[in-house]
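Let's take a walk through this fold, one packing contact at a time. Keep the viewer open and follow along.

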Amino acid sequence: MRHRILAQWKVAAVWAAGVLYFTSQDYLALPSMRAKWAHLLFLNALQITVWAVLVLPALAFLRRKPLQGPAAWRRMAVFAPMTLALVSLGILGAFLLARIDLGWNEALATLSWAALGRYFTLYFHFYFLTYLSVLFAYHAHVWRRQAQAQELLASRLESQLVQAQNQALRMQLQPHFLFNTLHSISSLMHSDPAAADRMVTHLGDLLRLSLDRSGAQEISLDEELAFLRAYLEIERSRFKERLAVRYEVPELLLGAQVPTFILQPLVENALKHGLSRRKEGGRVAIRATAEAGALRLEVEDDGVGPAASHGEGVGLRSVRERLALLYGAASHFNVGPGAAGGCLASLTLPLRGAAGEAAP
């Protein structure tokens, strides 16, 4: 409704501008009529109204059958004679309105085919070009609106595609994590039933957290760490005292936005390929730092180091693909040896969130 009212105001403004333009032109060109400026204003308002009415059929034609696409020439074959007919009607109307300035008898005396022919010869090119200018300005406006609509649609489709791909990657990752956890529970059922029972309880909490955030593309780092702690409680049931975890996350960065479920695959990779191969277990460090508008997340273990033999599994591949989908070239992901042995997985993404304003 608001857009329709605004459009009506724009049409009224264009009409008023045309009336004022032609009135001022007549006022300057006809010194004898300057004392009758109100009369000039009235005549030009009538003429502009006639032309506004005559332009409506052409605009309706262009709305229904734009002069583009494979049928453009066939439509032009209809549009061209229609335009000539409408312009001719407009010139006839202008010719008759011009007789208003004359007395009745004089007006009748000047109504002849010869006078109409002269008027037509003098003004046809002006009225024709003005008429076409209005039509093609409208057509250009329609083209621009259609191009904007197509760009908006393409942008929305691209955004929906990214969300769908990201969701598909998450759905691929969650069953992978669930099956691994169930396997761990199964292995503890006979050797340590109490630990298996605790793991089942923690798994229930973890699934609840996962379902609560199933529709979110990004969450705060604080929420992601809460999910990660729940996951590590499950792993503690398997590693017992052989697992030590250290968090090095500044409080200012807890509000930073990160992809949902992004850290768990990195920690799983550290436990599975780094610490599980050592009888004595080891340590895992989770770090977050900010620099130059970027957030850097690291998961480092002191295990056996990255093994080329196992390659990049489902979890790490999902992390890489999700970062590329969400952030493109603004993100970076790398897995390699740590500074003191073991494995270091690091990812960089744009720093966003309230904490990002205060962060260095």
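Start where helix 7 and helix 8 meet: their crossing is right-handed, a label used if the near helix is turned clockwise from the far one by less than a right angle, with anticlockwise giving left-handed. Their axes come within 10 Å and cross at roughly 25 degrees. Axes here are lines fitted to C-alpha atoms, for helices over the stretch in contact, and angles run from 0 to 180 degrees between N-to-C directions. Helix 7 and helix 8 are therefore roughly parallel to each other, given that angles under 35 degrees count as roughly parallel, over 145 as roughly antiparallel, 65 to 115 as roughly perpendicular and the rest as oblique.

Before going on, a word on the ground rules. This is a predicted model, where local features need pLDDT of at least 70 and side-chain atom pairs count only at pLDDT 80 or more, while totals for chains, interfaces and linings use all residues. Residues are numbered from 1 along each chain as its sequence is written, and side-chain values use heavy atoms, with hydrogens and water left out. Helices (H or I, at least four residues) and strands (E, at least two) are DSSP runs numbered from the N terminus, and the protein chain has 10 helices and 7 strands.

Back to that helix pair. On the helix 7 side, the residues in contact (heavy atoms within 4.5 Å) are Glu 224, Phe 227, Leu 228, Tyr 231, Leu 232, Glu 235 and Phe 239. They meet Gln 264, Val 267, Glu 268, Leu 271 and Leu 275 in helix 8.

Helix 7 covers residues 221-239 and reaches 25 Å from its first C-alpha to its last, close to the 27 Å expected at 1.5 Å a residue; the expected span is 1.5 Å times one less than the number of residues. Its buried residues (under 20% relative accessible area; exposed is over 50%, partly exposed in between, with a 1.4 Å probe and protein chains only) include Leu 225, Ala 230 and Ile 234. Just after helix 7, Lys 240 takes a positive phi of about 55 degrees.

How many of its 12 residues are buried? The count is 11, so helix 8 is mostly covered. In the loop that leads from strand 3 (257-259) to helix 8 sits Phe 261, which has a positive phi of about 65 degrees although it is not a glycine. Phe 261 counts as buried, at 3% relative accessibility.

Helix 8 has another partner. It packs against helix 9 at an angle of about 150 degrees, with the axes 9 Å apart, and the two are therefore roughly antiparallel. This crossing is left-handed. Pro 265, Leu 266 and Asn 269 in helix 8 meet Gly 315, Leu 316 and Val 319 in helix 9.

Helix 9 (residues 314-327) takes us to the sheet: it lies across strand 6 and strand 7 (343-350), running at about 150 degrees to strand 6. The sheet is open, with 5 strands in the order 2-4-5-7-6 and mixed pairing; two strands pair if DSSP finds at least two bridges between them. Strand 2 (243-248) and strand 6 (332-337) stand at the edges with a single partner strand each, so one side of each is left without a neighbour in the sheet. On average, neighbouring strands are turned by 10 degrees against each other, direction ignored.

Now zoom in on strand 4 (residues 282-291). It pairs with strand 2 in the parallel sense over 6 bridges, and Arg 283 in strand 4 is the bridge partner of Ala 244. With strand 5 (residues 294-301), strand 4 pairs in the antiparallel sense over 8 bridges. Ala 288 stands opposite Leu 297, and Ile 286 opposite Val 299.

The hairpin formed by strand 4 and strand 5 has 2 residues between them.
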